[in-house]
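Below are my notes on the model you sent, as numbered points. Please read them with the structure open.

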Amino acid sequence: MATGPAKLGTIFTVLALTRILAGFLPDSVLGQNCGCPKDQCCSQFGYCGKGPDFCGAGCREGPCDGGNGRRNVGGNGISVPDIVTPAFFDGNKNEGTGDCPGRAFYTRDAFLEALKSYSGFGTAGSADDSKREIAAFFAHVSHETGRLCFMEENLDLNNPYCDREREAEYPCNPSKRYYGRGPLQLTWNYNYGAAGKDNGFDGLGNPEIMALDPVVSFKAALWFWMTNVHNAITSGQGFRATTRAINSMECGGGSDKAASRIELFQKYCGQLGVSPGGNFNC
């Protein structure tokens, strides 16, 4: 049966609208939880797209630019790569003494490459807020790794660090150990599993990569920071909240380890020219 011009026009209009809507879906719906095309950003809420809403503050991966055309630059004008200079990064690393295998492993280039996946780091709030977050991150990194010396913790390496209550979601490989590795000494199966999922590596099946690939190692550390610590330091709770988020067992009783973290934080704030504020002891 023949179809008249009016019906054909209606059909073409419907098809065109369908194509247009289909074109929008990958940017805002189909990209949930990311895995975006290379030219799109994964927003802080887990959606793919372009522009400031996706590539701006909180952007998790892709061509993140802080919303102003430059990577890892906040609305306050702070550029994290400009703050974390070679002198700052290597000065931290060169404080290590004795056998220090991390000196060759942890590099500023690896940190900056990992940073591309987390443009929200060090770009929130005022310029001073940004500097304090950067100082806090490196204070904990320096403490956890013995001044960027260790890729793995030197405690009980036979402990599997498998949380059985969360094993249904993050099943432990019986031949693997999820002890502390990397800049923040990531620990437990649920952290390895979630960090791997968000950063494209097999954290449960290959936890050793954290001590073999410095970019992956820094990505996992930044993942933990942005997931568990970032809001604590950017919401004005002070440095003590970051220590609670990383290792609450060190809080209370005048812990020497907590005091070491505070000392490093104050030192790095001084190097970055910012007041450390208050609220140190957790």
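1. In helix 6 (residues 108-115), the buried residues are Ala110, Phe111, Leu112, Ala114 and Leu115. Buried means under 20% relative accessible area, exposed over 50%, and partly exposed in between, with a 1.4 Å probe and protein chains only. Helices (H or I, at least four residues) and strands (E, at least two) are DSSP runs, numbered from the N terminus. The buried residues of helix 6 pack against helix 3 (80-83), helix 4 (86-93), helix 7 (127-145) and helix 9 (214-234), where contact means heavy atoms within 4.5 Å.

2. On provenance: this is a predicted model, in which local features need pLDDT of at least 70 and side-chain atom pairs count only at pLDDT 80 or more, while totals for chains, interfaces and linings use all residues. Residues are numbered from 1 along each chain as its sequence is written, and side-chain values use heavy atoms, with hydrogens and water left out.

3. Helix 4 has Phe88, Phe89, Asn92 and Lys93 buried. They lie on the same side of helix 4, because they cover an arc of only 130° around the axis; the arc is that of the directions from the helix axis to the C-beta atoms.

4. The protein has 11 helices and 2 strands, in the order α-β-β-α-α-α-α-α-α-α-α-α-α from the N terminus on. Of its 282 residues, 45% count as buried. Among contacts with a separation of 6 or more, 59% join residues 24 or more positions apart.

5. Ser217, in helix 9, counts as buried because its relative accessibility is 0%. Leaving aside neighbours within four places in sequence, Ser217 is in contact with Phe105, Tyr106, Gly182, Pro183 and Met210. Ala221 is also in helix 9 and is buried, with a relative accessible area of 3%. With neighbours within four places again left aside, Ala221 contacts Phe137, Pro183 and Leu184. Ala221 and Leu186 are 35 residues apart in sequence, with their C-alpha atoms 7.0 Å apart in space.

6. Which residue does the UniProt annotation "active site" cover? In the unreviewed entry it covers Glu144. UniProt positions are given in the numbering used here, feature names are shortened, and annotations may be inferred rather than shown by experiment. Glu144 is in helix 7 and, not counting residues up to four places away in sequence, touches Pro183, Leu184, Gln185, Ile246 and Arg261.

7. The largest pocket has a volume of about 800 Å³. Of the 28 residues that line the largest pocket, Glu144, Glu153, Gln185, Thr187 and Asn247 are the closest to its centre. A pocket is an open set of points on a 1 Å grid over the protein atoms alone where a 1.4 Å probe fits, with protein on both sides within 12 Å along at least five of seven lines; lining residues have an atom within 4 Å of a point. Grid points are joined across faces, edges and corners, and a volume is the space filled by probe spheres set on the points.

8. Helix 7, helix 8 (189-199), helix 10 (239-247) and helix 11 (256-272) each supply at least two residues of the lining of the largest pocket. Helix 10 gives the most, with 4 residues. The lining divides into 11 nonpolar, 10 polar and 7 charged residues.

9. Backbone check: phi of Leu148 is near 60° and phi of Trp188 is near 85°, each a positive value in a residue other than glycine. Leu148 counts as buried at 0% relative accessibility, whereas Trp188 counts as partly exposed at 32%.

Conventions: Nonpolar A, V, L, I, M, F, W, Y, C, P; charged D, E, K, R; others polar.
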